Amino acid sequence: MFEVLSNTTIGPSLHRMVIRAPRIAAARKPGQFVIVRLAEGEERIPLTIGDANMAEGTITLFIQAVGASTRMIVATPVGGFIRDIAGPLGKPTHIERWGRVACVGGGVGTAVLYPLAKALADAGNQVTTIIGGRAANLIILKDELAAFSDNVLITTEDGSMGRKGFVTMELGDMLADPALCPHAVFAIGPVPMMKAVAELTRAQAIPTFVSLNPIMIDGTGMCGGCRVTVGGVSMFACVDGPEFDAHQVDFDNLFARLGTYREHEAADCRLKEQVK
Amino acid sequence: MTNNISVKDRMAIERTRMPELDATVRSRNFEEVNQGLSLEAAIQEAQRCIQCKNRPCVEGCPVSVSIPDFVGKLAENDLSAAAHILQRDNALPAVCGRVCPQEHQCESKCVRGVKGESVAIGYLERFVADWAMENTDKLEKVALPPPTGKKVAIVGCGPAGLTAAGELARAGHKVMIFEALHDTGGVLRYGIPEFRLPKTIIDSEVKRLGELGVEIEFNVIVGKTITLPQLREEFDAVFIANGAGLPTMLNIPGENLKGVYAANEYLTRVNLMGAGRLPGATTPVIKGKHVAIIGGGNTAMDCVRTARRLGADRAMIIYRRTEKEMPARLEEIKHAKEEGVEFIMLTAPLSIVGDKDGWVSALACQKMELGEPDASGRCKPVPVAGSEYELPVDVVINAVGTNANPLLTATAPDLSLNKWGNIVADENGMTSLEGVFAGGDIVRGGATVILAMGDGKSSAAAINKWLSSK
């Protein structure tokens, strides 16, 4: 059992939960994830570890309540418990000193990006962070990211904060300017965003990394459900990833596979609403 | 006294038949197929054993159960004595009585099988184990030796780990099992379906280990949450039994379409997570009306029979060779056929065909014929030119096998592995690292529950010896 120590809302349906998990806090590195199962009978859900405090034995998870199961997880009050948290899983991000890097986050992906960007900054990289969302209330962690980024650029689709448009506009401007052009790009967010970033950096062959979030069950290298097509072959996000070379990833296949249970999820949500 | 039955009279008794649920009913639910013997039938079957001197059946058992002894006690209707012997020799008798391939092990060695049918040892094992679970008050309490003060870590709560845990706890060692998943049993729970091995059986066998002082910690992935070097510091010995890893891919086009599963994922959804089976389960599974399973082993049978139960009109086994070469147990094949499973033999998949939305719509196949025997001794399937055709399906399940799990071994660079990534261990389970032993699928690649248990038992004996020499 894992105790919830704090649970705050940081955006629409977006929660930051701090949970006591000393072993995971001690072992975890940026880029890794956990599998969370709230209670008996519930799903196993992969969630990236947003942050950790080894001294206090805690991990921070950023959870967007989009489905029935994530809604139930974020409804856990302070002092409540999560039955199962397994991890840290996946390979840590390969952190090196690239020089100038661009970290691109979209929606809840920004939370996943946060520990990675921080580690890149700690390694001596010049970090430009670009965060995007539909509207201002979906822009998260901008102050936290600003603390170590050289520059934080914001885009919103409705123009309610920062530049009106998409993260790719800001990234495109950087790529076009030799004085700003990054030596590596890290992008985490919705699949269409990661795909657009990959397409943008492909021509200049700028090393670009994405963190993928396929459907997963055990997360421990057993079931094979999290396979993604990378460089034309099947790879497993739980043991080979979750980070991959963006220029090799088949995003269309990932997007399609993520939709496998869409109908089921919709029905499940309706059912839970009725029960309430 | 039953001992007075003459050999001639024993020989005259015919082998009992296992009562089964009706095939049309059971192919639509998850209830256990084999219903178990009645006391009368079990005693009568036990009396078929002629108590021969050489006891070849024991040789055939990977965990060396004293078969004639427990069968003899059962024949005398002394159930608590029979249970005592069985539970002493086998940590998971109710599991083995259900899933062991007895026809290739103990029963294949039975002298009664030379001229006629062997004693139904598996049925009797199950009967005695089930009786013991329901009559714990009538069982002698296991007397534990004084604690040795030694601590053993076991990685994985599957058949090998559980067996080793029981043996080591009964030798007086402190045993701690680290399990990656949220529940016990490993493959027994996520892999083997309810209709072959009810989950309550696993619970009850694990509870018995708890009574011996074995502790289990869930959600710990050795190699990730903690490392092998950490375990070696904290414990006097380590037994690695973390099982098989990721599926072997077919490497044919269309493998990542929606509706294509690896057997482990499909079975885990249904067995461990309860998808399509338990009313409260939130984990989904694509049920499929026309389901093709690729492979001919026990896992393929488990998948195809599960597909029937989830409502498939056509549940099909696609296998490159013929039924004769299939590695699955005869009983599984028989049950599958009774349940309406189609066996499409001498057929290999070429590609998986998708519709415009990325869902599986067909399996492109090719007919095969058998050629010369290959390295495995089985006839090599050879494609028949021009025999390609498409089989309409909406779910495809790949049950051709698994690879070694890399998570633990990646953090233990000194541990010797073979070229497939499996841990190298000697016949006692000893690895290249002092005090580290390994067994089950992480050593063998894909094998059976009972071979894993055999490894657990022999490794436990070796660990015990090693600890006492320290």
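Helices are DSSP runs of H or I, at least four residues, numbered from the N terminus. The legends below refer to a predicted model.

View 1. The side chains of B:Glu265 and B:Arg269 meet with N and O 3.0 Å apart, in a salt bridge. The two residues are four apart in helix α14 of chain B, so about one helical turn separates them. Both B:Glu265 and B:Arg269 are buried.

**View 2. The interface of chain B and chain A.** Here 40 residues of chain B are in contact with 43 residues of chain A. The two chains bury about 3400 Å² between them, and 56% of this is on carbon and sulfur atoms. On the chain B side, B:Leu246, B:Asn256 and B:Thr282 lose the most area to chain A, together 21% of what that side buries.

View 3. One salt bridge is counted between chain B and chain A. A:Arg23 pairs with B:Glu217 in a salt bridge, with the closest N and O atoms 2.4 Å apart. In chain B, β5 (244-247), β6 (260-262) and α14 (263-272) each supply at least two residues of the side that touches chain A. That side is made up of 23 nonpolar, eleven polar and six charged residues.

**View 4. A salt bridge between two loops of chain B.** B:Glu103 and B:Arg329 form a salt bridge, their closest N and O atoms being 3.2 Å apart. B:Glu103 lies in the loop between α7 (93-99) and α8 (106-109), and B:Arg329 in the loop between β8 (314-318) and α16 (330-338), so the pair ties together parts 226 residues apart in sequence. B:Glu103 is partly exposed at 24% relative accessible area, whereas B:Arg329 is buried at 5%.

Terms used:
Residues are numbered from 1 along each chain as its sequence is written. Chains are lettered from A and ligands numbered from 1 in the order in which they are written. This is a predicted model: local features need pLDDT of at least 70, side-chain atom pairs count only at pLDDT 80 or more; totals for chains, interfaces and linings use all residues. Side-chain values use heavy atoms; hydrogens and water are left out. Contact means heavy atoms within 4.5 Å. Buried area is the accessible area (1.4 Å probe) that two parts lose on being put together, summed over both. A salt bridge is a side-chain nitrogen of Lys or Arg within 4 Å of a carboxyl oxygen of Asp or Glu. Ala, Val, Leu, Ile, Met, Phe, Trp, Tyr, Cys and Pro count as nonpolar, Asp, Glu, Lys and Arg as charged, and the others, Gly among them, as polar. Buried means under 20% relative accessible area, exposed over 50%, partly exposed in between (1.4 Å probe, protein chains only).
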